[in-house]
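Me: I would like to go through this model with you. Could we begin with the contacts along the chain?
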Amino acid sequence: NLVLPRWVDLSTELEAYELLKKPFDTEHVVQLLRAMRCMLSPARTLLIEESGSARQVIRRMLEGSRFNLEIDETEDARYGLKLLRLTSYDLVIVDANLSGGNGLEIACQT
């Protein structure tokens, strides 16, 4: 099908989330609007990762996404737990192998 590659190229050029063909499916449009609202609403994010270079890579990836993320980060497991107690986060990314605390244990507390 030659149409699909053209749609992909066009959506990339327009930086479009999705292109719709007529006739529109009402439920599909509603789901797209919900997804866009989620992407545009600020989401508090906590990144707990010991490696500075890994945190840098993860931060760049998150900042390059279509989501509006407010990112706090720490390399310290205990400080990460403190932040979790003091702040409500929408998304928490935790290194599973933290030396200062069990990443899985921290993840279970979110």
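Me: What share of the contacts with a separation of 6 or more joins residues 24 or more positions apart?
Reply: In the protein chain, 61% of the contacts with a separation of 6 or more are between residues 24 or more positions apart; contact means heavy atoms within 4.5 Å. This is a predicted model, in which local features need pLDDT of at least 70, side-chain atom pairs count only at pLDDT 80 or more, and totals for chains, interfaces and linings use all residues. Residues are numbered from 1 along each chain as its sequence is written, and side-chain values use heavy atoms, with hydrogens and water left out.

Me: How many helices and strands does the protein chain have?
Reply: The protein chain has five helices and three strands, in the sequence pattern α-α-β-α-β-α-β-α. Helices (H or I, at least four residues) and strands (E, at least two) are DSSP runs, numbered from the N terminus.

Me: In which order do the strands lie in the sheet?
Reply: The order is 2-1-3, in an open sheet with parallel pairing. Strand 2 (69-74) and strand 3 (91-94) are the edge strands, each pairing on one side only. From one strand to the next, the twist averages 15°. Two strands pair if DSSP finds at least two bridges between them.

Me: How many bridges join strand 1 to strand 3?
Reply: Four bridges join strand 1 (residues 43-48) to strand 3. Within this pairing, T45 stands opposite L91, and I48 has V94 as its bridge partner.

Me: And over how many bridges do strand 1 and strand 2 pair?
Reply: They pair over six bridges, in the parallel sense. A43 has L69 in strand 2 as its bridge partner. The β-α-β crossover from strand 1 through helix 3 to strand 2 is right-handed: with the strands pointing away from the viewer, the path from the first strand over the helix to the second runs clockwise.

Me: Is strand 1 mostly covered or uncovered?
Reply: Strand 1 is mostly covered, with five of its six residues buried. Buried means under 20% relative accessible area, exposed over 50%, and partly exposed in between (1.4 Å probe, protein chains only). Of the 110 residues in the protein chain, 23% are buried.

Me: Turning to the helices, which strands does helix 3 lie across?
Reply: Helix 3 (residues 52-63) lies across strand 1, strand 2 and strand 3, at about 175° to strand 2. Helix 4 (residues 77-86) also lies across strand 1, strand 2 and strand 3, at about 160° to strand 1. Axes are lines fitted to C-alpha atoms, for helices over the stretch in contact, and angles run from 0 to 180 degrees between N-to-C directions.
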